[in-house]
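This report describes a protein fold through its sheets, its core and a set of annotated positions.

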Amino acid sequence: MTQAVCILGVTGSIGQSTLKVLARHPDQYSVYAVSAYSRLDELVEICKKYNPKIVVVPKIKALELEQRLNQENLKNIEILTDEAGLIAIAERDAVDIVMAAIVGAAGLLPTLAAVKAGKRVLLANKEALVMSGDIMMQAARDHNALLLPVDSEHNAIFQSLPHNYLQIERTGEPQLGVSQVLLTASGGPFLNHSLEQLYDVTPQQACKHPNWSMGQKISVDSATLMNKGLELIEACHLFSISEHFVTVVVHPQSIIHSMVQYVDGSTLAQMGNPDMCTPIAHALAWPQRLKTDVPALNLFETVQLNFQAPDNIKFPALSLARQAMRAGGLAPTILNAANEIAVAAFLKGQIRFTEITQVVEHTLQAVQNAKAESIDIILQTDMIARGIAEKYIVGIGG
């Protein structure tokens with residue numbers, strides 16, 4: 001009997017990699033529901049190949065999608081719209097596994113809905129956990145959901161921890177002989193740039209990651225190291241450790257995806273070629289293993305592995321993320337909201353690359369922090385932070 005999979009964000013890079021893994025194992029998995037935002041051409045092709053039962057798109061795209069599916073004689077596919085549609089497919093009884101791959105804050109409510117429905121949730125949307133960490137993790141415990149990390153770094157940490165680590169009591173201290181987590185970062189495309197060079201970086205340059213094929217937003221986050229800051233916050237929540245137990249290590253080759261150090265002096269690392277099909281397959285089948293088309297690492301071709309500390313002067317985003325995690329409460333939500341607005345403004349040419357973190361720092365200082373007591377408070381703060389960031393950006397442009 002196959003397991004039914006819902007892919008939130010099917011036309012993105014994670015969604016595409018998920019389809020690749022599923023296509024290799026049609027006897028074990030079927031595509032039950034998918035969502036997409038704007039790429040209707042790709043979505044129609046996916047529907048032709050996988051024939052999902054439900055598709056979710058923005059309401060403005062629904063009529064066009066219906067007409068195109070009818071032209072392909074795919075009239076049996078149900079079309080839902082907007083956030084309500086995303087939540088509906090995430091919590092649908094017939095769905096066994098939810099791939100949460102919508103980028104940004106838009107993925108929060110459908111991911112939380114999947115968790116509250118007790119699904120196996122493959123978490124590729126780090127922003128959902130950054131914004132609602134304590135609430136999301138408590139919901140997973142309350143509803144017996146299996147929340148498994150798909151980010152290559154967190155999946156590597158998960159693979160390097162004791163097998164029952166996610167089930168232990170959450171104290172903020174490392175448990176079961178763990179001393180610290182080493183979160184690797186490629187350093188992005190501007191690792192060796194000077195501060196002066198960063199000032200004139202273009203969106204096109206920022207979106208060219210040296211090792212990974214990713215969407216625009218996450219590529220820019222990788223270039224500023226904000227992606228690593230968000231991953232640091234995510235790691236703290238996933239593995240119940242305080243931020244000072246997470247050390248970021250710049251590793252340009254992206255061969256070691258992350259490491260775990262133990263009190264006896266051991267360091268366990270998960271290594272592999274940089275391909276998201278590996279962590280996706282791991283999370284899909286855990287505790288079993290699935291075959292993928294990713295070639296095994298050839299150690300004889302891997303000439304060297306380099307490691308260095310991040311440069312917090314050139315890349316202050318990582319320090320801002322640590323500051324937000326230490327502050328707790330709504331600070332990570334404020335950080336994420338401001339960053340999303342700043343990255344969008346940079347991609348439109350409204351601000352410089354170096355001004356992205358300026359927007360984030362200003363917004364963190366301008367929005368009052370408080371306890372993240374409910375999803376409503378989190379979403380309200382998210383909206384306030386976005387407004388303040390946008391206003392600040394207008395001031396920069398003026």
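In which strand does Gln-270 lie? Gln-270 lies in strand E11. Strands (E, at least two residues) and helices (H or I, at least four) are DSSP runs numbered from the N terminus. The model is predicted, so local features need pLDDT of at least 70 and side-chain atom pairs count only at pLDDT 80 or more, while totals for chains, interfaces and linings use all residues. Residues are numbered from 1 along each chain as its sequence is written, and side-chain values use heavy atoms, with hydrogens and water left out.

Gln-270 has a relative accessible area of 12% and is therefore buried; the classes are buried under 20%, exposed over 50% and partly exposed in between, with a 1.4 Å probe and protein chains only. Leaving aside residues up to four places away in sequence, Gln-270 touches Ala-156, Gln-159, Ser-160, Ile-255, Ile-256, His-257, Ser-258 and Thr-278. Contact here means heavy atoms within 4.5 Å.

**The two sheets**

Two strands pair if DSSP finds at least two bridges between them. Angles run from 0 to 180 degrees between N-to-C directions, and axes are lines fitted to C-alpha atoms, for helices over the stretch in contact.

E11 belongs to an open sheet of 4 strands with mixed pairing, in the order E9-E8-E10-E11. Strands E9 (246-250) and E11 (267-271) are at the edges, each with a single partner strand, so one side of each has no neighbour in the sheet. From one strand to the next the twist averages 20°. E8 (residues 178-185) and E10 (residues 256-262) run antiparallel and are joined by 4 bridges; Leu-182 has Met-259 in E10 as its bridge partner.

A further open sheet has 7 strands in the order E4-E3-E2-E1-E5-E6-E7, with parallel pairing. Its edge strands, E4 (78-81) and E7 (146-149), each pair on one side only. Neighbouring strands of this sheet are turned by 25° against each other on average, direction ignored. E2 (residues 29-35) and E3 (residues 54-57) pair in the parallel sense over 3 bridges, and Ser-35 stands opposite Val-56 in E3.

| Helix | Strands touched | Angle |
|---|---|---|
| H4 (residues 82-90) | E1, E2, E3, E4, E5 | about 125° with E4 |
| H12 (residues 277-285) | E2, E5, E6, E7 | about 165° with E6 |

**Nonpolar core**

In soluble globular proteins, nonpolar side chains tend to be buried together. A nonpolar core is a set of buried Ala, Val, Leu, Ile, Met, Phe, Trp, Tyr and Cys residues joined through side-chain atoms within 4.5 Å. The largest one has 133 residues, of which Leu-43, Met-99, Phe-239, Leu-284, Leu-335 and Phe-353 touch the most other members. Helix H14 (residues 331-347) gives the largest share of this core, 10 residues. Beyond four places in sequence, the contacts of Leu-43 are Val-10, Thr-11, Val-34, Ala-36, Val-55, Val-57 and Leu-65.

**Annotated positions**

An unreviewed UniProt entry lists Lys-126, Ser-152, Glu-153, Ser-186, His-209, Ser-222, Asn-227, Lys-228 and Glu-231 under "binding site". UniProt positions are in the numbering used here, feature names are shortened, and annotations may be inferred rather than shown by experiment. Lys-126 is in helix H6 (residues 126-142) and counts as buried because its relative accessibility is 2%. Its contacts, not counting residues up to four places away in sequence, are Asp-151, Ile-218, Asn-227, Leu-230, Glu-231 and Glu-234.
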